[in-house]
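Welcome, and thanks for taking a look at this one. Here is a short briefing to read alongside the sequence and the 3D view.

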Amino acid sequence: MSAATAVADRMRLPQPSRALWAIALAIFAAVVFVLFNGQYTVPHDNDAPFFHLLRDAREWLDANRNTNIVLVLTVTPIRVVVSAVFEVFTLVLHQLTWPGLTTIAGALGLAVGGWRLALLMVGGFLSMGILGLWQHSVDTLAL
């Protein structure tokens, strides 16, 4: 080992651990959220011409979907199938209840990505229940 290498080894600073980086990132994200909450968002304008166009198209579709032969033959069967699949998924997921669904998510995470992903999946599913968003989350998962 040369003298330059020995000096360089003594001058190295200790590297922060991943946990320290994760904590620093979480603190940074919280500070940025508090500082910029509600700012720099895109305004939603219901009176914009594009929204009028979309609203008019949807109203026409709703008014004519049972009388227009093209819509009856194309849109209605697709709507019925998608609605039935959604209802089945929703029923199955709600029957599993939160412990079952959390366990399945953890097992899938463990099988696919290891214990860290399993822990993340279990934490995510538990947070949906703790925050009172379980019903909406399960419906979204079914979609």
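The notes below go through the core, the surface, the charged pairs and the backbone by topic. Please keep in mind that this is a predicted model. Its largest nonpolar core has seven residues, its salt bridges number two, and a nonpolar patch of about 660 Å² lies on its surface.

**The nonpolar core**

- Leu93, Leu101, Ala105, Phe125, Trp134, Val138 and Ala142 make up the largest nonpolar core. Helices H4 and H6 (134-142) each give at least two residues to this core.
- In general, nonpolar side chains of soluble globular proteins tend to be buried together.
- Alanine 105, one of the core residues, is in contact with Met121 and Phe125 once neighbours within four places in sequence are set aside.

**Threonine 102, a buried residue of H4**

- Threonine 102 belongs to helix H4. It counts as buried because its relative accessible area is 7%, and buried means under 20%.
- Not counting residues up to four places away in sequence, threonine 102 touches Val122, Phe125, Leu126 and Trp134. Phe125 and Trp134 are also listed among the members of the largest nonpolar core.

**The nonpolar surface patch**

- Val81, Val85, Val88, Phe89, Val92, Leu96, Ile104 and Leu108 form the patch of about 660 Å².
- Isoleucine 104, one of the patch residues, sits in helix H4, which covers residues 69-113.
- Is isoleucine 104 buried, partly exposed or exposed? With a relative accessibility of 38%, isoleucine 104 is partly exposed.

**Salt bridges**

- As a general point, side chains of opposite charge can pair when their charged atoms come close.
- One of the two salt bridges joins the side chains of arginine 58 and aspartate 62, at 3.5 Å from N to O.
- Arginine 58 and aspartate 62 are about one helical turn apart, because four residues separate their positions in helix H3 (residues 49-64).
- Aspartate 62 also meets arginine 65, side chain to side chain, in a salt bridge of 3.6 Å, N to O. Through shared partners, the salt bridges link Arg58, Asp62 and Arg65 into one network.
- How exposed are the residues of this network? Arginine 58 is exposed, at 57% relative accessible area. Aspartate 62 is partly exposed, at 36%, and arginine 65 is partly exposed, at 28%.

**Helix H5 and backbone details**

- Helix H5 runs over residues 115-130 and has 16 residues. From first C-alpha to last, H5 reaches 22 Å, close to the 22 Å expected at 1.5 Å a residue.
- Just after H5 comes glycine 132, with a positive phi of about 80°.
- Threonine 97 has a positive phi too, of about 60°, although it is not a glycine. Threonine 97 is placed in helix H4 and is partly exposed, with a relative accessible area of 41%.

**The segment after H6**

- Leucine 143 is found in the segment after H6, and it is exposed, with a relative accessible area of 79%.
- How far apart are the C-alpha atoms of leucine 143 and leucine 35? They are separated by 34 Å, and the two residues lie 108 residues apart along the chain.

Definitions and conventions. Residues numbered from 1 in each chain as written. Predicted model: local features only at pLDDT ≥ 70, side-chain atom pairs only at ≥ 80, totals over all residues. Heavy atoms only, no water. Patch = residues over 30% accessible without salt bridge, like charges linked within 9 Å, V, L, I, M, F, W, Y side chains within 5 Å. Areas by Shrake-Rupley, 256 points an atom, 1.4 Å probe, with all protein chains shown as cover. Salt bridge = Lys/Arg side-chain N within 4 Å of Asp/Glu carboxyl O. Buried < 20%, exposed > 50% of the residue type's maximum accessible area, 1.4 Å probe, protein only. Core = buried A, V, L, I, M, F, W, Y, C linked by side-chain atoms within 4.5 Å. Contact = heavy atoms within 4.5 Å. Expected span 1.5 Å × (residues − 1).
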